[in-house]
Amino acid sequence: MASDVREAIRRVINARQCSTVGEVVDAVARQLGVRRSVVAYELMMMWKRGEVELEGVPRNPVAYVFSIEGLWYWVSIALVAASVLVVIYAKTAPLIYIRYGLGALMILFMPGYALVEALYPRGDELGPLERLALSIGLSLAVVPLIGLILNYTPWGIRLVPILISTNAFTTALLTIALIRKARLFALGDERCRG
Amino acid sequence: MKRWLLALALAVALTALVALAQAQQYSALEAYQYIVELSRLGANVSSLVDELNRAIYLESQGYGANASLIISNVVEEAIAELPSAEEMHLLAIVGDYASLAMAVIIIAVVYVKRRELVGGLWLRVRGSNRVRGGGPGRPRTFLFDSEVLSVVLAIVIVLITFVAAQSFVGANTQPFTAIAILGPNGKIGGYPSTVLIGQPINLYIYVYNHMGVPTWLVVRLYVTNNTGLEPPLNMTPIAVYQRVLLNNESWLIPITITLNSTGTYRLIGELWMYSPSNLTLTYTGNYVQLWINATQVMPSG
């Protein structure tokens, strides 16, 4: 079923390059008699796998930051902010479980993820599994180093200094990744213009 | 004959006093038992513990009547709170299981309907974008990759199992109490080892409760020049401090002692508690001691 939908999408795109997503989805949904959302999901997966390209956001860095292309950055920043809030305010169940989850994410994944995104901003330099493994591995390497540095500061290794330093580190790297990705996005070609 | 009568009256009065003190102790333990029960049901017992501690303090200062009044108030309040605390406890358990069931149902529905939900949302956001062939040919994100999702799912299952096991077994799997001796500044270190006789020695006793419920702790302080005795000591303590501590609460007791003759002394603090389960005064097995030499002249250097 899913493969039929994908094959139909390929045929429509080959026949009508630079159609809008809505037009492609409508055409395939009519052709196969399936729901538009199902076709849209398969088209999204093809885009995520790098089979097709989407164009529509103006090719400049500012447009990238405030468009759907830069959504990953704002979601990551929201996660950082949410983790800080739950660490400060969530002391009892059931919010404590959210604190556990976000706390683990912020220590075991996000620092490495931000570093990988900053080092490899294009997105296709590494495979998905490599990116995940590097994110977890680099987090495990970076967080103790932050602790080591904190140990030699007047604040020491305590909750608030750890909270501030790890989140500041992650936010700084996410911002570097955003700037690098925005520059790369602006350099990309727009074949469907006109 | 009059002497006999006087002696009899004295004995009766003494017996009455002892009986009164025991009755008061029993009421205080009854209040303590109610507080422990309320705490196990998840009720906030801070104010009741404060009141009981006030009564314990008044009792130690000889204001038995005032202490009795406070203790009976604590018992009345605790009995009044008990039914609502039981209801809230039951509701909390039902609420926890309902939330868990709801979360599982939501996750299952989102997974089954992921194509419709995610596809519909994506179509709204990306509907006007133009599509062309010739993408990079390699995945541009790891969020929707099946291998990545399998690994993430494995990690999540391990984490959920761990959290679930923790919540079933309980956070206070190894309840304990602790006692420590702190220096004149209320910190570890700076302990006096040699002092002049008659010189006041200022120290702190630190007590910590991690029994999972409020616990009535008793510290017995001894000074002895017997170097071979092992706690619990069978002698009269120089001071007794007692208080109900909330779970995870600590207590810093300032103490001042003086040694009036030369020699080597041991300052010993034993930690006892009224067991939350059977309300008997039991030795916790924890004690602290400090060796102090008392001299007439301070050694130079």
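Which residue of strand 1 of chain B does Ser19(A) stand opposite? In this predicted model, in which local features need pLDDT of at least 70, side-chain atom pairs count only at pLDDT 80 or more, and totals for chains, interfaces and linings use all residues, Ser19(A) stands opposite Val131(B). Residues are numbered from 1 along each chain as its sequence is written, while chains are lettered from A and ligands numbered from 1 in the order in which they are written.

The confidence values are given as pLDDT, the predictor's confidence in each residue on a scale from 0 to 100. Chain A has a mean pLDDT of 91, with 99% of its residues at 70 or more, and chain B averages 88, with 93% of the residues scoring at least 70. For the complex, the predictor gives an ipTM of 0.80 and a pTM of 0.64.

Helices (H or I, at least four residues) and strands (E, at least two) are taken as DSSP runs and numbered from the N terminus. On this basis chain A has 9 helices and 2 strands, and its elements run α-β-α-α-β-α-α-α-α-α-α from the N terminus on. Chain B has 5 helices and 9 strands, which follow the pattern α-α-α-α-β-α-β-β-β-β-β-β-β-β along the sequence. A residue is counted as buried if 20 or more other C-beta atoms lie within 10 Å of its own, as exposed if 12 or fewer do, and as partly exposed in between, with C-beta atoms placed from the backbone. Of the 194 residues of chain A, 27% count as buried, and of the 301 residues of chain B, 21% do. Two residues are in contact if their C-beta atoms, placed from the backbone, lie within 7 Å. Among contacts in chain A between residues at least 6 apart in sequence, 58% join residues at least 24 apart; in chain B, residues 24 or more positions apart account for 73% of the contacts with a separation of 6 or more.

The two chains meet through 41 residues of chain A in contact with 33 residues of chain B. On the side of chain A that touches chain B, the elements giving two or more residues include helix 1 (2–15), helix 2 (21–32), helix 6 (95–108) and helix 8 (128–151) of chain A, and the largest share, 8 residues, comes from helix 3 of chain A. By class, this side has 21 nonpolar, 10 polar and 10 charged residues, where Ala, Val, Leu, Ile, Met, Phe, Trp, Tyr, Cys and Pro count as nonpolar, Asp, Glu, Lys and Arg as charged, and the others, Gly among them, as polar.

Strand 1 of chain B pairs with strand 1 of chain A over 2 bridges, and strand 1 of chain B (residues 130–133) pairs with strand 2 of chain A over 4 bridges. Arg130(B) stands opposite Thr20(A) and also opposite Glu55(A), whereas Arg132(B) is the bridge partner of Glu53(A).

A nonpolar core is a set of buried Ala, Val, Leu, Ile, Met, Phe, Trp, Tyr and Cys residues joined through C-beta atoms within 7 Å. The largest such core has 41 residues, and those with the most contacts inside it are Ala31(B), Tyr32(B), Ile35(B) and Leu52(B). Elements of chain B that each supply at least two residues of this core include helix 1 (2–40), helix 3 (64–112), strand 4 (201–210) and strand 9 (281–295). At least three residues of the core come from each of domain 1 (1–124) and domain 2 (176–295) of chain B, the domain bounds being those of an automatic or database domain assignment. Apart from this core lies another, of 19 residues, among them Ile9(A), Val21(A), Val38(A) and Trp47(A).

Notes. Two strands pair if DSSP finds at least two bridges between them.
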